[in-house]
Amino acid sequence: MSAQPESQLLSDARTGDGAAFESLIGPLRRPLFAYIYRMTTHPQDAEDLLQDTLVRVLESLPSFRCESQFKTWLFGIATHVCLDHLRARKRWRVEAQLIGEQEASEKGQHEQLIAVASDPAFVFEIREHIAFCFSCVSRTLEPEDQAALMLREVLGFSNQESADILEISEPIFRHRLASARSIMARSYEGLCQLISKTGMCSQCRGLREITPEQNRGKDLVQIEVAPGVPVSAESLFDARLEIARHADLEHGGTAPMHRIFFRSLTAREQSR
């Protein structure tokens, strides 16, 4: 990373200095891709939208007035690129993962998953799968609500920064965030056996079973909330969110399997 201050890098990048532009973007490229990937849930779409974002950033640099941090401005552009993309596509059904689990039991898909799981480089990490589930369920939200949840709860932007990125007032942002959290918490109820023992989805267990023992990462039997915190849909949501926030969904050992799921889920949900 360049030792030059951000203001100098911005000044140089505005004059067409490619090295300065890369010094600005380089440290943020991976978290930027992670955000776009979790918003779009499709690897090739994420790559394409990352490039679209960088083109818009380069074109817009002369008009950037430094009224916010460069990172906030950058993620703002990425957010609107994602929103344009998602508005043109269908929201996913809450039961999309259950349908995906049924598809995984079909011969072709099942054999494909076994082949991926048997690769010595593959590691099935429950934490990464929780992050995958989180992104799947978030795709059932309105795109603006999905962005509110990702910006505040995953990326850690403040309410005001998130509101500025979405170009709405801070009270409206808080309403969107509360709505997104409530819908997500309700959607998880009855779906995941890591959340509720009576949940319908046994995907985590099933995927562990097809993964050779030596390729299994750290296991989780049941998600637990913080000591002294009553168990509720909201507290369980927070526990799952904490795991999803820190999991390496994009590049972790389980990523090859999740790319298969994201491609098939995206294709099916868009074509219905």
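These notebook entries record what I looked up in the structure.

**Basis.** I worked from a predicted model, in which local features need pLDDT of at least 70, side-chain atom pairs count only at pLDDT 80 or more, and totals for chains, interfaces and linings use all residues. Residues are numbered from 1 along each chain as its sequence is written, and side-chain values use heavy atoms, with hydrogens and water left out.

**Entry 1: Glu 153.** I located Glu 153 in helix α8, residues 143–154. Helices here are DSSP runs (H or I, at least four residues), numbered from the N terminus. Is Glu 153 buried or exposed? Its relative accessible area is 14%, so I noted Glu 153 as buried (under 20% relative accessible area; exposed is over 50% and partly exposed in between, with a 1.4 Å probe and protein chains only). I then listed what Glu 153 touches beyond four places in sequence: Leu 177, Arg 181, Leu 241 and Arg 245. Contact means heavy atoms within 4.5 Å.

**Entry 2: Arg 181.** I found Arg 181 in helix α10, residues 170–188. Arg 181 has 13% relative accessibility and therefore counts as buried. Its side chain makes a polar contact of 2.7 Å with the side chain of Glu 153. A polar contact is a pair of N or O atoms within 3.5 Å; within protein, one must be able to donate a hydrogen and the other to accept it, and residues adjacent in sequence count only if both atoms are side-chain atoms. The side chains of Arg 181 and Glu 234 are also joined by a polar contact, of 3.0 Å. Arg 181 and Glu 153 lie 28 residues apart along the chain, and their C-alpha atoms are separated by 9.5 Å.

**Entry 3: Thr 211.** I placed Thr 211 in the loop between α11 (203–210) and α12 (233–246). Thr 211 counts as buried because its relative accessibility is 1%. Leaving out residues up to four places away in sequence, I recorded that Thr 211 touches Ala 117, Phe 122, Phe 124 and Arg 216.

**Entry 4: α1 and α2.** At what angle do helix α1 and helix α2 pack? I noted about 135° for α1 (residues 6–14) and α2 (residues 18–40), with their axes 7 Å apart. Axes are lines fitted to C-alpha atoms, for helices over the stretch in contact, and angles run from 0 to 180 degrees between N-to-C directions. The two helices are therefore oblique to each other (angles under 35 degrees count as roughly parallel, over 145 as roughly antiparallel, 65 to 115 as roughly perpendicular and the rest as oblique). Among the residues making the contact are Leu 9 and Leu 10 of α1 and Phe 21 and Leu 24 of α2.
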